[in-house]
Amino acid sequence: MVRGLYTAWTGMVNEQKRLDVISNNMANADTTGFKKQGVTSQSFDDELTIRIHNNNLHTPFNRRIGNMNLGVKIGETYHDFSQGSMRETGNTYDLALSGDGFFTIQTTNKQGVTSTKYTRDGSFTVNVDGYLVTKDGDYVLDTNGDRIQIPGAQTAREVAFDERGNVIVNGQTVATLGIASFANPQALLLYGENMYDATQAAGLQESTAVIHQGYLEMSNTNVINEMVDMITITRAYEAGQKMIQTVDESLSKSANEIGRV
């Protein structure tokens, strides 16, 4: 009976994690360039592979309790990097990527340390100094890892971005957007602000993505599918609750009634 309690508990914890991921997907259904997440589950302890950057190996799910199956447990959280739909905006500094690739961004944390991050969100603008930046003021980098400054950004007659990322101002190419791709994008870590941090396992490589000026890539979250999954998860969670209640009632009878005989 105790095994039943443990198995039901692992199932409920697993469903709770899945629900958290789906809730985050739905909350970002309108976030530009957002890539939805998913969760895998596993029902046995012997694993063939494990995420290379996952150091949290000593969890209650890995502790054997007698000679029994450890129930269901969370495998990993993964990203779905499938292409999102394109929305036309007509704005000069709105850029969308089709294909595998990420814009290269330079961020600075509260301690003043700068680092390189990656995003699919191409809703850019220019600051007062003419630098191409994100909505949060982080700098967009070129192929050399330098900040992109657009000469006379406020007065330039024409600013264009071609399909390969060349920045053309009044007919002259002034820079090329740094578009990165990864051999193993699942090794990217969420950084926040719709950006990713790259690990060595990601395998940085040259991108073949095509750039579309005046467009934005929307989130690839399908709200209807997420709601259907949420209903399924809720029912599975309720089934775990009922199983715990049933086992608890059986244990109570064993202790309070059978024990009297």
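These legends accompany close-up views of a predicted model.

View 1. The protein chain has 261 residues, and buried residues make up 38% of them. Its accessible surface comes to about 14,900 Å². Carbon and sulfur atoms hold 49% of that surface. Take the contacts between residues at least 6 apart in sequence: 67% of them join residues at least 24 apart.

**View 2. Confidence in the prediction has a mean pLDDT of 86 over the protein chain.** A pLDDT of 70 or more is reached by 85% of the residues. Residues 46–52 fall below 50. Beyond near neighbours in sequence, this stretch makes six contacts in the model.

**View 3. Three strands form an open sheet in the order β10-β11-β12.** Their pairing is antiparallel. Strands of a sheet pair through backbone hydrogen bonds, either parallel or antiparallel. Strand β10 covers residues 159–161, and β12 covers 172–176. Both stand at the edges of the sheet. Each has a single partner strand, so one side of each is left without a neighbour in the sheet. On average, neighbouring strands here are turned by 25° against each other, direction ignored.

**View 4. Strands β11 and β12 pair in the antiparallel sense.** Strand β11 spans residues 166–169. Four bridges link β11 with β12. Which residue of β12 is the bridge partner of Ile168? That partner is Thr173.

**View 5. Gly165 sits in the loop between β10 and β11.** Is Gly165 buried or exposed? Gly165 is buried, because its relative accessible area is 0%, and buried means under 20%.

**View 6. Glu15 lies in helix α1.** This helix runs over residues 2–27. Why does Glu15 count as buried? Its relative accessibility is 12%, and the cut-off for buried is under 20%. Which residues does Glu15 touch, leaving out those up to four places away in sequence? They are Ile233, Ala236 and Tyr237.

Key:
Residues numbered from 1 in each chain as written. Predicted model: local features only at pLDDT ≥ 70, side-chain atom pairs only at ≥ 80, totals over all residues. Heavy atoms only, no water. Pairing = 2+ DSSP bridges. Helix = DSSP H or I, 4+ residues; strand = E, 2+ residues; numbered from the N terminus. Axes fitted to C-alpha atoms, helices over the stretch in contact; angles between N-to-C directions. pLDDT = per-residue confidence, 0-100. Contact = heavy atoms within 4.5 Å. Buried < 20%, exposed > 50% of the residue type's maximum accessible area, 1.4 Å probe, protein only. Areas by Shrake-Rupley, 256 points an atom, 1.4 Å probe, with all protein chains shown as cover.
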